[in-house]
Amino acid sequence: MATQEDIDRITELAQETEDVAQLKAYAQELRDLSASMAQAFARTEDQAMRDDIAAIRDSAEYAAEEVAARARQLEIDQMDPNYEARKADRARHEAERQAREQQEAQEGLKKLGGFLEGLTGGGGGAG
């Protein structure tokens, strides 16, 4: 029987690719998991088990729709002749954002280090 970890693994694999055919395959795999959970749901009378199965089924359905939507969007994007240029531009902007955040974090650590140094240096002279 499928688990939430199975759904999470497939979803993670789908996030790592821009291959439309592979995304469609992942979406189908998630739909198959959902169908399997629907069958298990119908076979059990235990309410706690039904609740757990329903949660897994719903999660698989939601993930399948998200992956399928991403595949459709990528298919549309790839029809655009400027797709690769926009993709490269997005990657450049993301790299710049990450570099800026890293620089801000380093500056914050320097300021914190100076502040802590002042506290420990001041305390040592007073003692």
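1. Met-1 is in contact (heavy atoms within 4.5 Å) with Asp-6, Met-37, Ala-40 and Ile-53, once its neighbours within four places in sequence are left aside. The residue sits in the segment before helix 1 (4-15), helices being DSSP runs of H or I with at least four residues, strands runs of E with at least two, numbered from the N terminus. Met-1 counts as exposed because its relative accessibility is 67%, where exposed means over 50% relative accessible area, buried under 20% and partly exposed in between, with a 1.4 Å probe and protein chains only. Its C-alpha atom is separated by 26 Å from that of Ala-71, 70 residues apart along the chain.

2. On provenance, this is a predicted model, in which local features need pLDDT of at least 70 and side-chain atom pairs count only at pLDDT 80 or more, while totals for chains, interfaces and linings use all residues. Residues are numbered from 1 along each chain as its sequence is written, and side-chain values use heavy atoms, with hydrogens and water left out.

3. As to overall form, the chain has 4 helices and 0 strands, and its radius of gyration is 25 Å, whereas a compact globule of 127 residues would have one near 14 Å; the radius is taken over C-alpha atoms, and the globule rule is 2.2 Å times the number of residues to the power 0.38. The C-alpha atoms fill a box of roughly 75 × 50 × 15 Å along the principal axes, and buried residues make up 24% of the 127.

4. A salt bridge here requires a side-chain nitrogen of Lys or Arg within 4 Å of a carboxyl oxygen of Asp or Glu. Arg-86 does form a salt bridge with Asp-80, at 2.4 Å from N to O, and Arg-86 is partly exposed, with a relative accessibility of 32%.

5. By this rule there are 9 salt bridges, among them the one between Arg-57 and Asp-58, at 3.1 Å from N to O; Arg-57 is buried at 18% relative accessible area, whereas Asp-58 is partly exposed at 39%.

6. Asp-89 and Arg-92 both lie in helix 4 (residues 83-126), 3 residues apart, about one turn of the helix. Salt bridges that share partners join these two residues and Glu-96 into one network, and the closest N and O atoms of the Asp-89 and Arg-92 pair are 2.4 Å apart.
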